[in-house]
Amino acid sequence: MLSRTADSLYWLARYIERTENIARLVQVGHRMASTAGSLGSPGNEWHSTLVAAGCAPGFYAKHGEARTAAVIDYLVRDPDNPSSILSCFETARRNARAVRTALTADMWDALNETWLRARGVGPDSVTPERVSEFLDWVKERSLLFSGAYANTMLRNDAYYFTRLGTFLERADNTARILDVKYYVLLPHNELVGGEIDSAQWAAILRSVSAHRSYRWVYRESYKPWRIADYLILNRQMPRSLRSCYDEIESALVALGRFYGASNGCQSLAQETLRLLEEGDMNAIFQSGLHEFLAEFIARNNRPGSEISSTYHFTD
């Protein structure tokens, strides 16, 4: 496969996954801001959402304060934000057009129909009162694309580069959501375990579609170390760091077999997977959850750089 084809498939998958992740972040920020307001304790929910999305510097360069309408518009529509939902759809389609013949008909149709509708989304569609409907649609379209490639692509190198993009992006998002809750979100005058803290943890679980499954697995109320364990170490949870790295490592092993040689990015992924396999939540909390997650986010960036170098994406 040509390096530019591999590169386009990898980034196509990352940007589609990012649209879903941003939609989830906006939904959870909206829910937490509404909950905090109803409890008489407005906090820094929208600032935390911007931090989680990695969009805080760009937002504050353009806006003075993290108000609801401005944050939603910046994360959903703003063309100056390369990680806004509409910007991600635009970039994903540009990558798809570059490798049109490497996509199945179902993949192209799912993406192209999404892009055509997204182009018509105006400010009236993403007001605080109406944005939830649009965000649900974004998640549905991302899931449709993921289902299309999972069920129609040949299991060759094109498929494995697409899988890598999906799960490296997903792992990054899960870590950022957890880190912001632990490190940024709770107001300094609120108690851990209080009403606002519990509402925030519930919102975090809902943001990764894990609210019901958490109850199923642990059969107990929200506890920070249990939720962190579920989203970091539990391989049954499909958005956990452990589950993502199972998929990443598997895709890299498959690429190694396909090309007849292992590579440095495979070793990096196996090292991270081993860290998660041997992880202990008590030890992670004792050494600092924020420190663990910050190190993981940096570590998660390395396979992407190594993949680009190994497969000559910059050629």
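Q: On a 1 Å grid over the protein atoms alone, a pocket is an open set of points where a 1.4 Å probe fits, with protein on both sides within 12 Å along at least five of seven lines; its lining residues have an atom within 4 Å of a point. Which residues lie nearest the centre of the largest pocket?
A: The model is predicted, local features need pLDDT of at least 70 and side-chain atom pairs pLDDT 80 or more, while totals for chains, interfaces and linings use all residues. Residues are numbered from 1 along each chain as its sequence is written, and side-chain values use heavy atoms, without hydrogens or water. The largest pocket is lined by 19 residues, and those nearest its centre are Arg18, Ala53, Gly54, Ser83 and Asp172.

Q: Which element gives the largest share of the lining of the largest pocket?
A: Two or more lining residues come from each of the helices α1 (3–38), α2 (45–53) and α8 (157–185), helices being DSSP runs of H or I with at least four residues, numbered from the N terminus. The lining divides into seven nonpolar, seven polar and five charged residues. Its largest share, five residues, is given by α1.

Q: What is the volume of the largest pocket?
A: A volume here is the space filled by probe spheres set on the grid points, which are joined across faces, edges and corners. For the largest pocket this comes to about 260 Å³.

Q: How many residues of α5 are buried?
A: Helix α5 covers residues 85–98 and reaches 20 Å from its first C-alpha to its last, close to the 20 Å expected at 1.5 Å a residue, where the span is 1.5 Å times one less than the number of residues. Buried means under 20% relative accessible area (1.4 Å probe, protein chains only), and the buried residues of α5 include Phe89, Arg93 and Asn95. The helix is largely enclosed by the rest of the structure, because the number of its 14 residues that are buried is ten.

Q: Which residue does Ser87 join through a side-chain polar contact?
A: Ser87 lies in α5 and is buried, with a relative accessible area of 12%. Leaving aside residues up to four places away in sequence, Ser87 touches Asp78, Pro79, Asn81 and Pro82, contact being heavy atoms within 4.5 Å. A polar contact pairs N or O atoms within 3.5 Å, one able to donate a hydrogen and the other to accept it. At 2.9 Å, the side chain of Ser87 makes one with that of Ser84.

Q: How far apart in space are Asn234 and Val217, C-alpha to C-alpha?
A: Asn234 is in the loop between α11 (224–232) and α12 (241–259), and at 11% relative accessibility it counts as buried. Beyond its neighbours within four places in sequence, Asn234 is in contact with Val217, Tyr218, Asp229, Ser240 and Arg242. Asn234 and Val217 are 17 residues apart in sequence, and their C-alpha atoms are separated by 9.9 Å.

Methods. Buried < 20%, exposed > 50% of the residue type's maximum accessible area, 1.4 Å probe, protein only. Nonpolar A, V, L, I, M, F, W, Y, C, P; charged D, E, K, R; others polar.
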